[in-house]
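I wrote the entries in the order in which I checked each item.

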Amino acid sequence: MLRFITGRLVLTIPVLFGVSVIVFLLAHLAPGDVTTILAGPFATEAVKEKLRISFGLDQALPIQYAKWLGHILQGDFGTSIANRRDVADLVFPKFVNTAILALSSAVLAYIIGFFAGIFAAARPYSISDRVVMGVTLILGNAPPYWLGLLIVLLFSLSWRLLPATGMTNIMGGGGAWDVFLHLIQPMLTTAAAPACIVARIVRASMLEVLSQNYVRVARAKGIRRSVILRRHALRNALPPIVTICGLQLGYLLGGVLFVEVIFAWPGIGNQLWQAIQARDIPTIQGATLVIALAFVVVNLVVDAINAYLDPKIRASEKAGAT
Amino acid sequence: MTERQPVDSVETPSPGNAASAWQIRRDRLRFHLRSLRLAWYAYAKDNAALGALIFLAVIVLISVLAPVISPYDPAEAAGAIAAPPGTDGLILGADVDGRDILSRLFWGGRIALLVGIGPTVVATLVSLFIGLAAGYFGGWFDQILMRIIDVVFAFPLVLLAIVIAGVLEPGVWTVILAISIALTPYIARLVRTTTLNVKQQPYVEAARAGGAGDLAIILRYILPNMIPPVLVFATTLIGLMMVVGSGLSFLGLGIQPPEADWGTMVAEGRGVLRKAPHITIFPGVVIVLVALSFNFIGDGLRDALDPRRRSR
Amino acid sequence: MVEPILEVEGLKTHFKLREGMLKAVDGISFSLAPDEVLCIVGESGSGKSVTAQSILRLIDPPGHIVEGRIRYRDKDLLDLSDREMEKIRGDRIGMIFQDPMTSLNPVFTIGEQIAEGLREHLDLGKKEAQGRAIELLRSVGIPNPEERYRDYPHHFSGGMRQRVLIAAAIACEPDILIADEPTTALDVTIQAQILKLLAEVQRRLNSALILITHDLGVVASMADRVLVMYAGEMVEYGDVKTIFEQPKHPYTIGLMNSVIRLDDQHDNELRSIPGTPLVPINPPPGCSFRTRCDAAHAPCETEKPQAISVASGHLVSCHLMRSDGRQAGSS
């Protein structure tokens, strides 16, 4: 297991390198002169030239990249153009907020998706199966931003149950209850589509496993239906489910970006959106890098869980260790 | 499926015989036509897939004919501000600027289809090229491509699209470009895996032993085998990319007002969500329906193109 | 006559497919004495496996047992609740399937998969179940059972897996053992070993055995009685000697002509039955075999032949038969 993980970690290094290159190049993708963006449209040539030198923009790209990477590795993400603050100070606290939203949504999505999928798989082609699958199909295809607005319409505007926006600082003020109240709607919105996709994949892989010969053998042995579902089927259906759950995190992180904007959730997606509107390149880079890093870590964890679930990998590890 | 005849079996007669060469072509064409017909029968048996196809055909027709059939100018006020559905003679009501929502939905269909289909087609063509080259020839090109794909996979698709669209000038072409870039690795990986699979098949070995060149093998064996999985994957992606594209517009990174786009229309209704929810609801419903129909079509195609599923 | 342990009467299992109703099993009847070996023979798709699975009620939608009675001791299995049926399966009736490579759950050790049934039915504790499972592994010829207990299925060959599956099926010493082509997926040399083991196990437990096969050599060496199936229907049923020496139904006769017999003194030609078997989806009226039958005549087109007793315990479904055992019409 340990060997597997270290092997994966080594493979991750070139990926991280590539990620940093792409993020670095983002700044050069932007149309127009960076100094115009930095100094504003009315700056004189002299001011721009000074900026160019102080930002090192007069040097060759690889050198710029090396310097930039050096700073990043020391935790220096540069200075935000929009509000002159350290990008790291701006981005990291926001990342915590995003993580709270994303993780709670993921947990919610997995729980709902999992039980809905099992529920449907236990009674395939029945009416309740069809209803559950129909709902998941519709919600799974609904744009997250639109779903968010519908939820606001229902919960905040029509029923007046929950605050729609206004979460400014998670750590201060209203306490955990307040955070929870503000979390419900963004969480539901973010979780909706992944929950549906998880439900569908859980159902599909359960049905696939339930049609396997060894399940028939287990039934012929007289094992109770509930035990077959729990022990035999679930255990084998799990690897594809875990893989899809991992992939869903990417989709979910994408949805979070929209949801944060709609609900004014003070997360990294909201920050990214504001930075894009202000054309604040260093902040865009910082936010993008942090999200990508988080995603890489998540994928590693998913791989490790999958490896753990596969007895062949576990067994070969054991054999290799002795 | 007993009358099924492999294409290869008809192409062994002596070379240089003009009549038989012509016959081979004719037989091969007949074979393909019959395969298509069988696939179509299988597809048409699936009610959801058939319904989705008809619905989508209607949407395409409406989008193409938008200038003719729209009751009002999509950019001009036609009724009271945020008029509810059914008032002022507007079936779906008016938006915050008093423009006819129905007309704007018609016009918005053009953008939505463009943003859904455009990047998928672009990404598929690019993927076919690089995925085939990487999978078939392998070597350093494959190594580099796979590493690049790994890197792009490190970004959630939506994030990459948002950031690329964010640093570029907003507009419909930016959306298409951004989504195309973010999407390509997903399709390229599928193309590469399929190429690797087909390459190892005995019939390809046989063709190679018979003296077929790389180009002939790619055109005759690998590409035809590529069509079903790529077509199915791409069809399913169109709906998803439409949702992503409308999302970019919703964030203000894509289509700019006053042009009619479903995502932009949802965004425009935000401010009057309570007083005039119809402005937000209608375009969203349309997005869901169209995305769903692409999904159904993809499922139907998958079943229809797979002879094993078809026979059940 | 001994009281039969299992009696199947008019069993019909149909599958509702898009193309129509597949009558996979359409009116099968037989009975099984407590220590009898019954072989069910027939071509692929003739409904042998569906018959076996119907007895254990393992048929899933779109398939349904639409008619019939399956009497085990004093109860009709079709009347039992799902829970009661689960108590019969694996405990009183054990089953062995065709493909040992896919019949073991890849994520559990083989020991767990044998112990599982023991714990379910005999209420054994973990330790006791493990001990019994190791003994069972030894009894089916697995070397070093204490060590192999902890191995996963992918460490076993096909033959070894089938031994494990036999151990699992006999764990609770069932009254009836059903083996559905247990050797089809195995190497020829292994096949003989598995059949030998099966015969040995059946004798040791003194249980009844329903063996499904299309290998007439196996039938000759193992069966007490034989049921011949064609297109979901019973064409002939009788004791093994009668079926081999005096087959009556044209299909059975064809089957017998299609095997090489070592005791053949007349140098008969080895013949196959022409044509392909009927797939009984919305079957037309009349005899299912008539399209391949040399002796087909008018009633075969319109009327389904009923099973006729031509001798004690020898049933034939053919219009050529009359109840006095002589053949009707010309032949």
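**Entry 1: confidence.** I began with chain A, where the mean pLDDT is 82 and 85% of the residues reach 70 or more. The model is a predicted one. I then looked up residues 318-322 of chain A, where the pLDDT is below 50. Beyond near neighbours in sequence, that stretch has one contact in the model. For chain C I found an average pLDDT of 84, with 93% of the residues scoring at least 70. The scores for the model are ipTM 0.84 and pTM 0.78.

**Entry 2: chain A against chain B.** How many residues does the contact take from chain A and from chain B? I read off 34 from chain A and 36 from chain B. On the chain A side, the elements that give two or more residues include α1 (2-29), α10 (225-263) and α12 (281-309) of chain A. The most comes from α1(A), with seven residues. I sorted this side of chain A by class and got 29 nonpolar, five polar and no charged residues.

**Entry 3: two helices in chain B.** I looked at helix α4 (residues 101-137) and helix α9 (residues 214-250) of chain B, which pack at an angle of about 145° with their axes 8 Å apart. The crossing of α4(B) past α9(B) is right-handed. Among the residues that meet there are B:Ala112, B:Val115 and B:Gly116 in α4(B), and B:Ile218, B:Ala234 and B:Gly245 in α9(B). The residues of this contact divide into 14 nonpolar, six polar and no charged.

**Entry 4: chain C against chain A.** I found 26 residues of chain C in contact with 19 residues of chain A. On the chain C side, α2 (82-88), α3 (110-122) and α6 of chain C are the elements that give two or more residues. I marked α3(C) as giving the most, with four residues. By class, this side of chain C has 12 nonpolar, seven polar and seven charged residues.

**Entry 5: the sheet in chain C.** I traced an open sheet of eight strands in chain C, in the order β6-β7-β8-β3-β9-β10-β12-β11, with mixed pairing. Which strands stand at the edges? They are β6 (93-96) and β11 (307-311) of chain C; each has a single partner strand, so one side of each is left without a neighbour in the sheet. Neighbouring strands are turned by 20° against each other on average, direction ignored. At one end, β11(C) pairs with β12 (residues 314-317) of chain C in the antiparallel sense over four bridges. In that pair, C:Ala307 stands opposite C:Ser317. Helix α6 (residues 158-169) of chain C packs on the sheet and touches β6 and β7 (176-180) of chain C.

**Entry 6: backbone exceptions in chain C.** Most residues other than glycine have a negative phi, and most peptide bonds are trans. I therefore listed the exceptions. A cis peptide bond joins C:Pro61 and C:Pro62, with omega about 10°. C:Pro62 lies in the loop between α1 (48-55) and β4 (63-72) of chain C. Phi is positive at C:Asp123, near 60°, and at C:Glu181, about 45°. Is each one buried or exposed? C:Asp123 is exposed, because it has 9 other C-beta atoms within 10 Å. C:Glu181 is buried, because it has 21 other C-beta atoms within 10 Å.

Definitions and conventions: Residues numbered from 1 in each chain as written. Chains lettered and ligands numbered in written order. Predicted model: local features only at pLDDT ≥ 70, side-chain atom pairs only at ≥ 80, totals over all residues. Pairing = 2+ DSSP bridges. Axes fitted to C-alpha atoms, helices over the stretch in contact; angles between N-to-C directions. Contact = placed C-beta atoms within 7 Å. Nonpolar A, V, L, I, M, F, W, Y, C, P; charged D, E, K, R; others polar. pLDDT = per-residue confidence, 0-100. Left-handed = near helix turned anticlockwise from the far one by under 90°. Buried ≥ 20, exposed ≤ 12 C-beta atoms within 10 Å, placed from the backbone.
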